[in-house]
Amino acid sequence: MVQTDLSEVKDVLQWFEEFTSDLLPQQFWQQCQIALVEGFTNVVRHAHRHLPKTTVIELELKLFTDGLEMRLWDYGQPFDFQSKLESLCQEDYDPLEKEGGRGLMFMNQLTDEVSYQRLSDERNCLLMRKWC
């Protein structure tokens, strides 16, 4: 768990590195690391924008012999993730040229599966999977 503060990204990166750096191919590891950071910063900047910095963001990592799964839970208002992603994918622009939506595009392009779901306990779960 980390708090809703962009300065916590260093702890998120350290946590990810502790569990994965020696186990995954370098390029695979870097892509997952970028997707995780994009997910975390989206929670801070968007989902938790109006919540106190003490609001926690829960993180989970599962390693498999052929890939990994990352989950981030937030307490923000839900939104239609799939529609937003589809809308962004239909736009004709370079993600580096546009600030809004860039994180979603990176998460989508760097992982094999990404989803966002509202849970019965009033949390949202961002799930990212990547296979070797």
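Let me start with lysine 53, which is exposed, with a relative accessible area of 53%. This is a predicted model. Lysine 53 forms a salt bridge with aspartate 5, and the closest N and O atoms of the two are 3.8 Å apart. The two residues sit in distant parts of the chain, 48 residues apart. Aspartate 5 is in the loop between β1 (2–3) and α1 (9–20), and lysine 53 is in the loop between α2 (26–47) and β2 (56–64). Aspartate 5 itself is partly exposed, at a relative accessible area of 22%.

In total, the count is eight salt bridges. I will take two others, and they share arginine 129.

In one, arginine 129 meets glutamate 69, with an N to O distance of 2.6 Å. Glutamate 69 lies in strand β3 (residues 67–74) and arginine 129 in strand β5 (residues 124–131), so this pair ties together parts that are 60 residues apart in sequence. Are these two residues buried or exposed? Both glutamate 69 and arginine 129 are buried.

In the other, arginine 129 meets glutamate 113, with 2.7 Å from N to O. Glutamate 113 lies in strand β4 (residues 113–118), so the bridge to arginine 129 in β5 joins parts 16 residues apart in sequence. Arginine 129 has a relative accessibility of 19% and counts as buried because the cut-off is under 20%. Glutamate 113, at 33%, counts as partly exposed.

Which residues make up the network of salt bridges? Glu60, Glu69, Arg71, Glu113 and Arg129 are linked in it.

Methods:
Residues numbered from 1 in each chain as written. Predicted model: local features only at pLDDT ≥ 70, side-chain atom pairs only at ≥ 80, totals over all residues. Heavy atoms only, no water. Salt bridge = Lys/Arg side-chain N within 4 Å of Asp/Glu carboxyl O. Helix = DSSP H or I, 4+ residues; strand = E, 2+ residues; numbered from the N terminus. Buried < 20%, exposed > 50% of the residue type's maximum accessible area, 1.4 Å probe, protein only.
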